[in-house]
Amino acid sequence: MAVYSEKVMEHFMNPRNVGEIEDADGIGEEGNPVCGDLMTFYIKVKDNRLSDIKFKTFGCGAAIAVSSIVSEMAMGKTLEEARKITPALVAKELEGLPKNKYHCSNLGAQALNKAIDDYLRKQGVKVETKRRRKDEQE
Amino acid sequence: MRKVYLDNAATTPMLPEVLEAMLPYFRDAYGNPQSLHRWGDEAREAVEDARSKVAALIGAQPEEIIFTSSGTESNNFAIKGLAAAQQSKGRHIVISAIEHFSVLHSARTLEKQGFELTLVPVDRYGLVDPEEVARSIREDTVLLSVMHANGEVGTIQPIREIARLAKEAGAIFYTDAVATAGTIPLDVGELGVDALSLAGNQFYGPKGSGALWVKKGVRIIPFLDGGVHEGGRRAGTENVPAIIGLGKASELASKEMRSRIEHLSAMRDRLLDGLPSRIDHVILTGHPTQRLPGNASFCIEFIEGESMLMLLNHQGIAAASGSACTSKALKASHVLLAMGIPHEIAHGSLLFSLGVSNTVEDIDYVLEVLPPIVDRLRQMSPLYAKFSKEQSRRR
């Protein structure tokens, strides 16, 4: 499986924050089982910060590694900071992704954003879930 | 760590006897078979001996064998070359929906050049229904192609019946036998086909060795123009060591076929019975009985193939998958989809293709290692979580 970086392999073999949060403050789902990837992110928010993040992912090695690293990158961040996690940053943090797996990094960032949107909506904030900019590789 | 290679559909390892047979033709016997001196004679005689062995494997005449570089080349050559030879009679081609890409894409290329193409569907076991073939035949049908067996799901087709239909319609019938030649008994006369492909690396011969058999009297337009190699049908200096290796592999296959089949099918059945009894929600893909002796293919629900392959690889096991994420093109296997398997299940495809060097212990190791891998991925899977919640709600 030499197509993946060591970092991807490490996160795939030992994914962080796998699971669900029973009383999550926000839930975001991205992807589609028909396409082969589905990610669900659960967040807890305390004082505008992500105090806990869990995920469940159906997909390839890259999809699982992306979910893991996104959860790690976002943990403890403010909602605004967490929103700045772009697919490019995710891919960089993973020491690169194969070109045809780049879309996985988009899914991860998008699922987290949707969870934040869901939280804000529950707080009565009006949010429009906007499709994030699609990356060139898509 | 135990190492278990179960990806023989991708390529088999070469047998030591095959390598030994090839070695002299890299070293001392380096002549060009076309040359008129002792070096040439030596190479030519060895190539002709190999030709006889390949012919014997499939019940053909030596002069009907054309050596090629691979199964892919043989399939390209056959589809394009046979169609080109027939096109004054008609330009309609019929192939099955689960052909290998080297057949399917060759047919698509012909389509772009003005041929009409009909794809015959398969049932949920991957079987082509001869009735469907009969319905697809038209006045201008000149070529039909159905693979002997599909290496991905293992289903063996009723070739004799389909070939008879083609013959009645006056069309040429071709079969891609890459998955079967050298693996199960095969006789071109008995099958009633007009042309057939095979590849050495599917039965313990070298990579880069293949052959196309074309029945005497059947016309084919050459693909590679040049000298008069291979009876003027395939130019280019012969790849002598590969040809010798293919010949040796054919000889061994003819000799050992029965014992190989016995060994392979016993291991296969151990997997086919063992996996579903250890893992829930496993679907056998392919035909339950009309199946290649070394093929054990499944779809494992709620999880994805590539992540299974990675975890298996980590434990020393090599397997394959038809999932979208595994393919560079990110498309789920056209074979599984043609069998009516939904996308989300096809993503969980897992293929073990067994070889002669595998042992019952290898199979037991897989049966021991795979269930925790499946469990681990399912614990991560939102699809499995949804399914489990629905189940408990129903209870």
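1. One cavity of 30 Å³ or more is counted, where a cavity is a set of points on a 1 Å grid over the protein atoms alone at which a 1.4 Å probe fits but cannot get out. The model is predicted: local features need pLDDT of at least 70, side-chain atom pairs count only at pLDDT 80 or more, and totals for chains, interfaces and linings use all residues. Residues are numbered from 1 along each chain as its sequence is written, chains are lettered from A and ligands numbered from 1 in the order in which they are written, and side-chain values use heavy atoms, without hydrogens and water.

2. The largest cavity is lined by 20 residues, and those closest to its centre are Ala179(B), Thr183(B), Gln202(B), Gly294(B) and Leu354(B); lining residues have an atom within 4 Å of a point. Helix α9 (residues 240-278) of chain B gives the most to this lining, with 4 residues; helices (H or I, at least four residues) and strands (E, at least two) are DSSP runs numbered from the N terminus. By class the lining has 10 nonpolar, 9 polar and 1 charged residues. Here Ala, Val, Leu, Ile, Met, Phe, Trp, Tyr, Cys and Pro count as nonpolar, Asp, Glu, Lys and Arg as charged, and the others, Gly among them, as polar.

3. Of its 17 lining residues, Val34(A), Cys35(A), Asp37(A), His103(A) and Leu330(B) are the closest to the centre. In chain A, β1 (26-32) and α5 (102-122) each supply at least two lining residues. The lining comprises 9 nonpolar, 5 polar and 3 charged residues.

4. Between the chains, 27 residues of chain B are in contact (heavy atoms within 4.5 Å) with 28 residues of chain A. The buried area is about 2200 Å², with 67% from carbon and sulfur atoms; this is the accessible area (1.4 Å probe) that two parts lose on being put together, summed over both. Met310(B), Met380(B) and Pro382(B) supply 29% of the area that chain B buries against chain A, more than any other three residues.

5. There are 3 salt bridges between chain B and chain A, each a side-chain nitrogen of Lys or Arg within 4 Å of a carboxyl oxygen of Asp or Glu. In one of these, Glu306(B) pairs with Lys101(A), the closest N and O atoms being 2.9 Å apart. On the side of chain B that touches chain A, the elements giving two or more residues are α10 (305-314), α12 (343-346), α13 (360-380) and α14 (382-394) of chain B. The most comes from α10(B), with 7 residues. That side divides into 12 nonpolar, 8 polar and 7 charged residues.

Methods. 1 Å grid on protein atoms, 1.4 Å probe; cavity = no way out; pocket = protein on both sides within 12 Å on 5 of 7 lines; lining within 4 Å. Points joined across faces, edges and corners; volume = space filled by probe spheres on them.
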